[in-house]
Number of protein chains: 2
Amino acid sequence: MSKDVLYLKIAKSVTEQIKSDTLQLGDRLPSLRSAQKLYNVSLNTVKQAYMELESRSLVESRPKYGYFVSQTSQRKLALPSVAPMKVAEKKNTPEDLIDKVFGTIDGTDVTQFALGIPGKSFLPLAKLKKCMINVIKRKNDSGTDYEPVQGNEYLRREAAKWALVLEGKISEDDLVITSGAMNAVYTCLMAVTKPGDSVAVESPVYFGVLQAIQQLGLKVVEIPTHPICGVDLDALKKVLPTLSACCFVTNFNNPLGFQMPDENKKELVRMITEYNVPLIEDDIYGNLYFGSERPKPCKFYDEAGLVMWIGSVSKTLAPGYRVGWVAPGKFKEKVIRQKLVQTVCSPSLYPDVIADFLEHGRYDHHLRMFRNKLYANYLQIQKSVIQYFPDNTKISEPKGGFMLWLELDKKICTEDLYDEAMRQKISFAPGRMFSQYNQYQNCMRLNYALEWTDRVESDLEKLAKMVKKRI
Amino acid sequence: MSKDVLYLKIAKSVTEQIKSDTLQLGDRLPSLRSAQKLYNVSLNTVKQAYMELESRSLVESRPKYGYFVSQTSQRKLALPSVAPMKVAEKKNTPEDLIDKVFGTIDGTDVTQFALGIPGKSFLPLAKLKKCMINVIKRKNDSGTDYEPVQGNEYLRREAAKWALVLEGKISEDDLVITSGAMNAVYTCLMAVTKPGDSVAVESPVYFGVLQAIQQLGLKVVEIPTHPICGVDLDALKKVLPTLSACCFVTNFNNPLGFQMPDENKKELVRMITEYNVPLIEDDIYGNLYFGSERPKPCKFYDEAGLVMWIGSVSKTLAPGYRVGWVAPGKFKEKVIRQKLVQTVCSPSLYPDVIADFLEHGRYDHHLRMFRNKLYANYLQIQKSVIQYFPDNTKISEPKGGFMLWLELDKKICTEDLYDEAMRQKISFAPGRMFSQYNQYQNCMRLNYALEWTDRVESDLEKLAKMVKKRI
């Protein structure tokens, strides 16, 4: 019997145990080692079987705890499909569509399902105001002095302290302050690529990153991406020798929501090290986990200095401050030079305000509250989508972060739907924005980090009705 | 008699009138038309003669008033030379040197002759602090909201109002807010060029611009530049068809200090229009004139939308805020898209603070005071250079702005001198930074916008001694 069929056999056996209620909601599956003995197969076969179960949303992995029968194992809706690798097809990113969606960035009367902006009630506004006023009063220069090019030292120190997940692997000297995470991605791309080079991204890929790569005259290589495990490492391996960089969101991916398994992260780092390809790792959602602990970034496994690890406070404290940072590994000097020519240095004051908050603002407490609210919102939007959307809707299963990805009936064009929705002041991100190819037209990304009000609920119902009307 | 000799003959005749005190300090020379009749030559010949006199520092032009026997006609020191056009020579910009000089950007114990940073006592710090606290108190979002991608509307409105010099040619809708003027230059370059393209700059050229162009994979074409009239239009004309953009500082040039004559600006605009080449016009020093009025930028003469006009408050209000703007003409949408991928949007609050200052802070009054102080500083540094530096020092004649350019004895290498000076906490900008070629080693740029204290005076004397020691 071939290995392929073996893992499916195990998966089928577990599925039947779940269906027969032998394994119930929340039950822990046998550990990988126990199952290996139980079924008398290789460890890899068991892993494959469990991932298969996960991809069917029957079980979910909680890092370091094992696999559990999933809360959503009774779900009606399937996971989104993995898009095949495209290479020959005509490329064309709908810039106008992206401009249109970004045009709602400062809109206050629109239900903001489109952009990853946290609801104001989730942010510690009063505390930030207090920090700001303290900092201004303290500053003799009223903030008019230039910052050092590498960035404010106080913030670098506090950001390094907060990088607990790296277990002491970086210090303030390893960090460069940027104007938000997007600016960090852009600056890293500038530092390690030249026009015409190829950069691998997930598919679907966050449109901000897609645009940045294209605007820099780089080729985008979209790697098939699984909604639970992330980028397909076998597919990546085939193109790795041709790449100048990879640019991935490994934790609570935007838009798919997955948390790349630790094993995959290790393997990814091993692969990029073998081929000496830098990895730009956008980890801005990493602290917003629904599970038991903050997942490790690839940076943790990086010995060669190839991983450029990016963080920011735009998702958790103050989007408008545009404060982010990067630990660029061995590319630090190049990143600093790029920053110098782009903008001389970062604006002053904000770095001090954020550093002050990180030191004195009980950020851990804030994050804990925020995660609880986010998880409640996720359960809410999941429930509402199942309730209102057609039964053939496919839905991602985020393990943290802000984003839900829906795959709708093939007949739906979410780009057309967008205009209709916007007339009702409902904004979402049409799937077409997430690829350079003509795909994901029947998909949409929904931000659930907004305040969940009756209007939000009814807007989602309205959106579902528009979808149903079109099938 | 050839035309060449004619203009020299006229120049000689005027020189003798000055030497014999027939024409005295402050006297107005005959107008161009009168002189044309007087000498019975073409208008161009008279112009050439007067420019020759200007280049010898015997007369100075005051736009719209004519030519006057110069305050400095008794000067001992000559104008810096015009460097010939180089093309074949080996290129190499000393990035390490630039990093070293920029490394002093946040230094407080260094006498800052190197970077164009205004002394703190020249800035309205208390007023800015007040504006900042008002803005924060007013904001319900504590500044956490995103700004529109094009930039804060209040600031665009106020910046448009302040563009009086354009006589109503731009409105708030024509402006895009950037992270300081350097970021505007960078963004404009990204918008109108692709790697491998050629961009013309003055020579010597501000090293920030030089680095930005090179980091973007563009070719730098250094155009010979006269210390009084600016870029040599004949030399420019020869390469114009090969260019993707020009990038000039037309008013109170950095580093040479000239104010390009109106006639040259008109001709420059005519030329770029003929060849459809965008002009990135960095006009950040424009409001800091020593003469009778704010000079026009090239933008004023631009009908085709080819001039991208850049302003900021980094030189006059708050360097650390990183607030600038650009009126990108017909490239507006491209510039906005570049901004989006670089950094999503500008940081919040600062634009409101600056807009509030522009509206209520008596900016005109502040500028008037600042100009007076700057002019006093210029006279001071000029006097001190003449007093302390060797007699063969050549010195520029800025008509406004922050910068003095010195050309020293050929034996002097200012790059070596820099290290010696920095050991004594004296920073200046070595000439080598201002070209991609191996030139200007015997030059230096001095910022005189710092507070003129006894220490500054004695540091300048120290610097002069180091120079003398090396001859």
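Student: Which residues does Leu236(A) touch, not counting residues up to four places away in sequence?

Tutor: In this predicted model, Leu236(A) touches Ala200(A), Ile223(A), Leu243(A), Cys246(A), Phe248(A), Leu268(A) and Met271(A), once residues up to four places away in sequence are left out.

Student: And how many residues are in the largest nonpolar core?

Tutor: The largest nonpolar core has 304 residues, and those with the most contacts inside it are Leu236(A) and Leu236(B). As a general background, nonpolar side chains in soluble globular proteins tend to be buried together.

Student: OK, switching to the sheet in chain A: what order do the strands come in?

Tutor: It is an open sheet of 8 strands with mixed pairing, and the order in chain A is β4-β11-β10-β9-β8-β5-β6-β7. β4 (176-178) and β7 (230-231) of chain A stand at the edges, where each has a single partner strand, so one side of each is left without a neighbour in the sheet.

Student: Which helix packs on that sheet, then?

Tutor: Helix α8 of chain A, residues 207-215, packs on the sheet and touches β5 (198-203), β6 (219-226) and β8 (245-248) of chain A, while its direction makes about 155° with that of β6(A). β5(A), α8(A) and β6(A) together make a right-handed β-α-β unit.

Student: Do β5(A) and β6(A) run parallel or antiparallel, and what about β6(A) and β7(A)?

Tutor: β5(A) and β6(A) run parallel and are joined by 6 bridges, with Ile223(A) in β6(A) as the bridge partner of Glu202(A). β6(A) and β7(A), on the other hand, run antiparallel and are joined by 2 bridges; Thr225(A) stands opposite Val231(A) in β7(A), and a hairpin of 3 residues joins β6(A) to β7(A).

Student: How many of the residues of β6(A) are buried?

Tutor: 6 of its 8 residues are buried, and β6(A) is therefore described as mostly covered.

Student: Now chain B: why is β10(B) called largely enclosed?

Tutor: Strand β10 of chain B, residues 307-312, has 6 of its 6 residues buried, so it is largely enclosed by the rest of the structure. Both faces are covered, with Val307(B), Trp309(B) and Gly311(B) buried on one side and Met308(B), Ile310(B) and Ser312(B) buried on the other.

Student: Which strands are joined to β10(B)?

Tutor: Strand β9 of chain B, residues 279-282, is joined to β10(B) by 4 bridges and the two run parallel, with Val307(B) as the bridge partner of Leu279(B). Strand β11 of chain B, residues 324-327, is also joined to β10(B) by 4 bridges, but here the two run antiparallel, and Trp325(B) in β11(B) is the bridge partner of Gly311(B).

Student: What about α8(B), how many of its residues are buried?

Tutor: 7 of the 9 residues of α8(B) are buried, so the helix is largely enclosed by the rest of the structure. Among the buried ones are Phe207(B), Val209(B) and Leu210(B), and the helix is followed by Gly217(B), whose phi is positive, near 75°.

Key:
Residues are numbered from 1 along each chain as its sequence is written. Chains are lettered from A and ligands numbered from 1 in the order in which they are written. This is a predicted model: local features need pLDDT of at least 70, side-chain atom pairs count only at pLDDT 80 or more; totals for chains, interfaces and linings use all residues. Side-chain values use heavy atoms; hydrogens and water are left out. A nonpolar core is a set of buried Ala, Val, Leu, Ile, Met, Phe, Trp, Tyr and Cys residues joined through side-chain atoms within 4.5 Å. Buried means under 20% relative accessible area, exposed over 50%, partly exposed in between (1.4 Å probe, protein chains only). Contact means heavy atoms within 4.5 Å. Two strands pair if DSSP finds at least two bridges between them. Axes are lines fitted to C-alpha atoms, for helices over the stretch in contact, and angles run from 0 to 180 degrees between N-to-C directions. A crossover is right-handed if, with the strands pointing away from the viewer, the path from the first strand over the helix to the second runs clockwise.
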